[in-house]
Amino acid sequence: MSVLTRRARPPALQWLASVAQGWAEQPDIWRRLVRPDATGRWVEPLAVNERSEVWLQGWPAGEHVELHDHGGASGALCVVAGQLVETWATGLSAMRLRQRRLDRGAVAAFGPEHVHDVVNAGRTQALTIQVYTPRLVSMTFYGFRRGRGLDPVRTELSDHPVVAPGLLVRR
Ligand SMILES: [Fe+2]
């Protein structure tokens, strides 16, 4: 299943989705990085260059991220284990939120205006391959109120480990 949101240019989103799927189809590269006993969200870098980055992310049962943007980056995530529920707004002026379930194999690609929260509502750890371009530097978190829409609450630097571009491409 491929899910493309509306606002970003389709070619960029298709490229992001295909990169995520390409990594998803190579579990021999990332399977050994999985932390089966993790109790909180975790990430492992798979590839980083100046303009993009690919991560393996673990979502133990119940883990979630509040509504956030990606600091101007576009991205894609591919679910390689478990399932997630994504609630998203189509842009910063959106007055309603939408929701979709992302099962194993689902790819969600999104443009720079995408705001979403993601939760693992299942009983087992979910795993995703995540791609961002440009690199994910910061995320602004939002509240949402019916009739008022999104309201920025705070901006944080990415919680991903710092990886120098070009130093890491797992094979
Ligand atoms: Fe996100």
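**Entry 1: Trp42**

I began with Trp42, which is partly exposed because 18 other C-beta atoms lie within 10 Å of its own. The cut-offs I used are these: a residue is buried if 20 or more other C-beta atoms lie within 10 Å of its own, exposed if 12 or fewer, and partly exposed in between, with C-beta atoms placed from the backbone. I note here that the model is predicted, that local features need pLDDT of at least 70 and side-chain atom pairs count only at pLDDT 80 or more, while totals for chains, interfaces and linings use all residues. Residues are numbered from 1 along each chain as its sequence is written.

I found Trp42 in strand β2, residues 42–48; strands (E, at least two residues) and helices (H or I, at least four) are DSSP runs, numbered from the N terminus. When I left aside its neighbours within four places in sequence, Trp42 was in contact with Arg35 and Gly58, where contact means that the C-beta atoms of two residues, placed from the backbone, lie within 7 Å. I also looked up Trp59, which is 17 residues from Trp42 along the chain, and the C-alpha atoms of the two are separated by 7.1 Å.

**Entry 2: the chain as a whole**

I then stepped back to the protein chain, which has two helices and 13 strands. Of its 171 residues, 34% are buried. Among the contacts with a separation of 6 or more, 73% are between residues 24 or more positions apart.

**Entry 3: the cores**

Which residues have the most contacts inside the largest nonpolar core? I noted Leu16, Ala20, Ala76, Cys78, Ala109 and Ile129, in a core of 31 residues. The elements that give two or more residues to this core are α1 (10–24), β3 (53–59), β5 (74–81), β8 (107–110) and β10 (126–133), and α1 gives the most, with seven residues. A nonpolar core here is a set of buried Ala, Val, Leu, Ile, Met, Phe, Trp, Tyr and Cys residues joined through C-beta atoms within 7 Å. As background, I wrote down that in soluble globular proteins nonpolar side chains tend to be buried together.

**Entry 4: β5 and its partners**

Strand β5 is mostly covered, since seven of its eight residues are buried. I saw that β5 and β10 pair in the antiparallel sense over seven bridges, where two strands pair if DSSP finds at least two bridges between them. Within that pairing, Ser74 has Thr133 in β10 as its bridge partner. Four bridges join β5 to β8, and these strands also run antiparallel; here Gly75 stands opposite Phe110.

**Entry 5: a cis bond**

What kind of peptide bond joins Thr133 and Pro134? It is a cis peptide bond, with omega about -10°. Pro134 is found in the loop between β10 and β11 (138–145).

**Entry 6: β9 and its partners**

I looked next at β9 (residues 115–119), which is joined by three bridges to β4 (residues 64–68), the two running antiparallel. His68 has His116 in β9 as its bridge partner. Strand β6 (residues 84–89) also pairs with β9 in the antiparallel sense, over five bridges, and there Val85 is partnered by Val119.

In β4 I picked out Glu66, which is partly exposed, with 15 other C-beta atoms within 10 Å. Leaving aside its neighbours within four places in sequence, Glu66 is in contact with Asp117 and Phe141. Glu66 and Thr140 are 74 residues apart in sequence, and their C-alpha atoms are 9.9 Å apart in space.

**Entry 7: two loop residues**

Is Pro161 buried or exposed? Pro161 counts as exposed because it has 10 C-beta neighbours inside 10 Å. I located Pro161 in the loop between β12 (149–157) and β13 (168–169); its C-alpha atom and that of Pro45, 116 residues away along the chain, are separated by 8.1 Å.

Last, I checked Ala94, which is found in the loop between β6 and β7 (98–102). Leaving aside its neighbours within four places in sequence, Ala94 is in contact with Ala89, Gly149 and Leu150.
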